[in-house]
Amino acid sequence: MEQRGYDTWRDIRWWMLVTILVGIFWSGASAQIRYSISEEVKEGTVVGNIAKDLGLDKTSLKDRGYRIVAGSVEPLFEVNQNDGILYVKRNIDREEVCERSSTCLINLKTVLENPLEIHYIAVEVLDVNDHAPTFPEKERRLEISESAMPGARFQLQAARDSDGGQFSVQQYKLGPNDNFRIEVKDRGEDRKIPFLVLQKQLDRETVGKHRLLLTAIDGGKPAKSGTSVIHVEVLDVNDNSPVFNKETYATSLRENSPVGTIVIQVNATDLDQGANSEITYSFGNEIDLKLLDLFSVNPITGEIKVTGLIDFEESKSYDIDIQASDKGPAPLTSAKSVTITIIDVNDNAPQIEVTSFSNSVPENARIGTTVALISVTDLDSGINGKVICTFKDDVPFTLSPSLQDNMFAVVTKSQLDREHKSLYDVTIVAKDAGDPPLTSEHKISVVVSDMNDNNPQFTSSPYTFYVTENNAPGASLFSVKASDLDEADNAVISYHILRHRSEENKLASILNINSENGAILALKSFDFETLKTFQFQVIATDSGTPQLSSNVTVNVFILDQNDNAPVILYPVSANGTAEGVEEIPRNVNAGHLVAKVRAYDADIGYNGWLLYSLQEVTDHSLFGLDRYTGQIRTLRSFTETDEAEHKLVILVKDNGNVSLSATATVVIKVMEPKEAFSASDVKGAAKDEEENNVAFYLIITLGSVSTLFLISITVLIIMQCSKSTDYSSKQLQDANYDGTLCHSIQYRSGDRRYMLVGPRMSIGSTIVPGSNGNTLVVSDRRRASGEVSNIIHIHNGMAPSASLSI
């Protein structure tokens, strides 16, 4: 049995240890939630769903033994193990549970077993107005001497209300009577103390007793109340009031004196004896409530002490009413005024006030112009209130003293320039003459307003623009832009084109400009073949007063488009059709020049570079066409089976993006040698004369072109050498040139050699070599094996805009 009891005790201690360890482990995981409920609610009222708020599984609450840990007192709440809802088990009286606490919290401890979980629940019980005010005594006896003067105050017992906050006692009322009124003093913590104040002196011989009904009312809706009956008994005898030993009491006190400093002591005596001659001191009934925070009076000794902060700037002196009362059954009182003069110390920094301020000053304001008037005040007095003002930073302003003390004017001391600086943050420093001195700062922002003192400036001068011919009339071509350093209307710019009747400016009449944004449009299309460049002037004018303006020269270069189809020179066109007949002997060898199709194009560059191709031919093996020169040659000798007449349709096409073309028809008649010889005798003389004339004109043309070409190259070389690197790059960047004067391209076609000479283009240019030039093909008879044609491209804006093949 002893062994068995020992084992049982050991098991109990082991489970206690496990429980403690589990409690320690789960204490870190315990949670706390808070609910609120009004007092006096019915039993069974739901407080909250604990399982839901704690995130517990409702189905396992009962198995885990979910319960509230209760003490010896019957618990106020109970939890339903089926759904985890907390409800009120019995009536809750907040005043009984928490007495007069401002917040009533009931802390519950809930336990889940297996595994063990502990959760803390806090339920706040909210107050309701379920108690009426009550007085400690239903009846109170009060003795007042008939010699008591009107204004005498008698403290009464305050009523108590078990409720708190707004449901506690809020006011007192006194029943109708002729001698008394009620005053209430609030001492915080829901304590309002009633005082009975004598309004009319009592006369015991007329009325010896007074019955007053005092009512206390709480703040509920509806309000509840409680009453107490006050029996006032009028006493007789004490007919001597205390008398002060001085007619006037006056003293001085330094501001900021420490708490506890004795200011002055008053003294009064009473000719009565015993309790009627014992005097107590207090503040008068009509004393300012603020003085109660600054001073206190010793009721026995009459010493007045400092209890708060004494500030000279708040008040320079105080008049305090001191009351002396005896201790008779009906106390008699006397009052005396005490004057306390406060001595100033330097404890206030100067205060800066801007009385007049022009937040903007024109930049052309004369030196000495007033910007602001400031007033500096110091609440201290004497030398502590004398102030000196300066500027913290270097600004174009100065402080000019006024005739009045501590008045200053902020005036300009140098010329202003808005474009240099438009805003000044001026910091004014005020320093008094106290010991130690105190300072303060005030910042004002002065805006420099604009005057129209800057001309509009164009972003570039001169402007250079490139416009493609055949532009749409009325469409915007380009725009100019100007800016003005001024602001507002002074910077609002309008544009117009300078128009006059000079020969150089006549094209300005076909241009129009948007006066607001400087966009320029043409009223008609440009034709490169008739106009290659022109210039005009644009004037930009601001909207200031007076208006300022500036002008700029605009150079416009017209760019060519492929808008001209090739024109056939040979064969000669008749009735709109270019058709010719050539006769050749049948015994010619391969490579014989049969005919040459001649054409030209009014466009330039690739747009005027012509290529020839056979569209129709009766025998592809017999005739060949040079695609660059238009020469028709035999590819082989004629045979007896070859036809006597052949028709060749030649297509002449330029190299524009959208090619334009023309066609020519050459009819070749193959004749027997005798017939051809006799025909050649007749035609030979005419042809020799024609060729001699052509050669003569060709020599003159070549000489003229060569001279112009040499002059152009010389001028360009001089201009290139005279220009600076920066200027050259600036002028050539829009023209797509890389700075090299010219370059050449050579190629062969059959037994002919071709050379293209023209300006070198920069990488990325859309204008290909050979553009902006003319093509001239010249026959060279120095070689017996065949003809050599040289194609020379001349880049000159004034050269004829045509491509000619001869």
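**View 1. Phe 458 and Tyr 463, a buried ring pair.** In this predicted model, both Phe 458 and Tyr 463 are buried. The structure holds 12 aromatic pairs.

**View 2. Phe 244 and Tyr 249, an edge-to-face pair.** Here the ring centres of Phe 244 and Tyr 249 are 6.3 Å apart, and the planes make an angle of 75°. Phe 244 is buried, as is Tyr 249.

**View 3. Arg 153 over Phe 195.** This close-up turns to a charge and a ring. Arg 153 lies over the face of Phe 195, and 4.5 Å separates it from the ring centre.

**View 4. Lys 532 over Phe 528.** Look for the charged end of Lys 532, which sits over the ring of Phe 528 at 4.7 Å from the ring's centre.

**View 5. Confidence along the chain, with residues 678-691 and 723-806.** For the chain, the mean pLDDT is 78, with 80% of residues at 70 or more. Across residues 678-691, pLDDT is below 50, and the model gives this stretch two contacts beyond near neighbours in sequence. Residues 723-806 also stay under 50 in pLDDT, and for them the model has 188 contacts beyond four places in sequence.

Key
Residues are numbered from 1 along each chain as its sequence is written. This is a predicted model: local features need pLDDT of at least 70, side-chain atom pairs count only at pLDDT 80 or more; totals for chains, interfaces and linings use all residues. Side-chain values use heavy atoms; hydrogens and water are left out. pLDDT is the predictor's confidence in each residue, from 0 to 100. Contact means heavy atoms within 4.5 Å. Rings of Phe, Tyr and Trp (its six-membered ring) pair if their centres lie within 6.5 Å; planes under 30 degrees apart count as stacked, over 60 as edge-to-face and the rest as tilted. Buried means under 20% relative accessible area, exposed over 50%, partly exposed in between (1.4 Å probe, protein chains only). A charge sits over a ring if NZ of Lys or CZ of Arg is within 6 Å of the ring centre and within 35 degrees of the ring normal.
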